[in-house]
Structure formats: C-alpha cells, structure tokens
Amino acid sequence: MVQSTKELGIRDKQKRTSLFKKVIYGLCPNCASISIFKYYIKLLGKCPSCGYEINTHKIGDGAAWFSMLLTSILVAIGALILEVNFQPKLWVHVIIWFPIVIILSVFILRPFKALLICITTEKSN
C-alpha cells in the first residue's frame with residue numbers, strides 16, 4: 001500500500017510528540033499540529049490540518065468525572081490541613097474552598113478531556 005508524503009509526515013510527527021504535550025496543549029491526537037478545541041472545552045468537529053474526525057470518539061462525562069474526583073481529593077486534603085492547623089469557623093471554609101472548587105474543576109477539565117480523546121484514539125488505531 002503506497003502512502004503519501006503527507007501521511008508519512010503526520011505519522012512521524014505523531015510519534016515524536018509526547019502524550020503529555022498533546023494533553024497540555026490540546027493538540028490533535030492524530031497529527032499533533034493544531035489544537036482540537038474550538039473554545040476552552042468545546043471540541044472542533046474535525047482537525048483542520050489532517051481531517052481527523054474528533055467527535056467520533058464518545059468520551060461522555062469521563063473528563064468531568066476525573067476532574068471532580070481530583071478536585072475533591074485536593075480540596076479535602078486542603079480543608080483537613082486548614083482545619084487541623086487553624087480551626088477556622090465554617091464560613092471561612094466556605095469562602096476559601098468554594099472558589100477553589102470552581103476554579104480547579106474548570107482548569108483541570110480541558111486536560112482530562114484531551115487525555116481521554118488521545119487514549120481513545122490510541123485504542124482505536
């Protein structure tokens with residue numbers, strides 16, 4: 001089977017790009033040349049560079065689940081350390097941890113979404 005130079009270049013670049021870089025920058029799991037996100041967490045339909053269909057992989061709520069799991073673990077540990085060391089009132093906990101939960105959940109969601117897309121792409125290939 002004859003492969004074009006563009007296909008060989010894409011495969012070579014994909015092998016050189018690490019999973020960590022693809023996840024952090026949200027790069028295409030197929031060609032690793034451009035971000036697969038249209039907005040912060042909204043995915044493109046397909047990669048403009050290689051034409052890879054991104055929305056064919058159904059990851060569901062997996063990214064949100066992992067994001068909330070990690071956020072809840074970090075917040076629980078932080079709240080425990082704060083409570084043991086300083087014993088603040090309940091309203092102080094609410095003022096400190098509510099914004100942290102929101103910010104961490106949103107901040108961690110995009111990398112987890114990119115990770116699950118990369119993993120499903122690797123499994124399907």
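**Entry 1: terms and overview**

A helix here is a DSSP run of H or I with at least four residues, and helices are numbered from the N terminus. I need that to name loops by the helices on either side. I also note that this is a predicted model.

I looked up the make-up of the protein chain first. The chain has 4 helices and 0 strands. Read from the N terminus, the order of elements is α-α-α-α. Then I asked what share of the 125 residues is buried. The value is 33%.

**Entry 2: the loop between helix 3 and helix 4**

I went to Gln87, which sits in the loop between helix 3 and helix 4. Its phi is positive, about 45°, although Gln87 is not a glycine. Is Gln87 buried or exposed? The relative accessibility of Gln87 is 54%. Exposed means over 50%, so Gln87 counts as exposed.

**Entry 3: helix 3 against helix 4**

Next I looked at the helices on both sides of that loop. Two packed helices are described by an angle between their axes and a distance between those axes. Helix 3 covers residues 62-86 and helix 4 covers residues 90-124. Their packing angle is about 145°, and the axes are 7 Å apart. I noted the hand of this crossing as right-handed. Which classes of residue make the contact of helix 3 with helix 4? I found 18 nonpolar, 6 polar and 2 charged residues there.

With a relative accessibility of 12%, Val75 is buried, because the cut-off for buried is under 20%. I also looked up a distance from Val75 to Ile96. Their C-alpha atoms are separated by 10.0 Å, and the two residues are 21 apart along the chain.

**Entry 4: the loop between helix 2 and helix 3**

Helix 2 spans 19-25, and Ile34 belongs to the loop between helix 2 and helix 3. Ala32 lies in the loop between helix 2 and helix 3 too. Which of them is buried? Ala32 is buried, with a relative accessible area of 6%. Ile34 has a relative accessible area of 35%, so it is partly exposed.

I checked the backbone of Ala32 as well. Its phi is near 55°, a positive value in a residue other than glycine. For Ile34 I looked up the distance to Cys50. The pair is 16 residues apart in sequence and 9.4 Å apart in space, C-alpha to C-alpha.

**Entry 5: Cys118**

I then moved on to Cys118, which is placed in helix 4. Is Cys118 buried or exposed? Its relative accessibility is 2%, so I wrote down buried. How many residues lie between Cys118 and Asn30 in sequence terms, and what is their distance in space? They are 88 residues apart in sequence and 8.4 Å apart in space, C-alpha to C-alpha.

**Entry 6: a nonpolar surface patch**

I found a nonpolar patch of about 940 Å². Tyr40, Ile41, Leu90, Val94, Phe98, Ile102, Ile103, Val106 and Phe107 make this patch. I followed one member, Ile102, and found it in helix 4. Its relative accessible area is 44%, so Ile102 counts as partly exposed.

Definitions and conventions. Residues numbered from 1 in each chain as written. Predicted model: local features only at pLDDT ≥ 70, side-chain atom pairs only at ≥ 80, totals over all residues. Heavy atoms only, no water. Axes fitted to C-alpha atoms, helices over the stretch in contact; angles between N-to-C directions. Helix = DSSP H or I, 4+ residues; strand = E, 2+ residues; numbered from the N terminus. Left-handed = near helix turned anticlockwise from the far one by under 90°. Nonpolar A, V, L, I, M, F, W, Y, C, P; charged D, E, K, R; others polar. Patch = residues over 30% accessible without salt bridge, like charges linked within 9 Å, V, L, I, M, F, W, Y side chains within 5 Å. Areas by Shrake-Rupley, 256 points an atom, 1.4 Å probe, with all protein chains shown as cover. Salt bridge = Lys/Arg side-chain N within 4 Å of Asp/Glu carboxyl O. Buried < 20%, exposed > 50% of the residue type's maximum accessible area, 1.4 Å probe, protein only.
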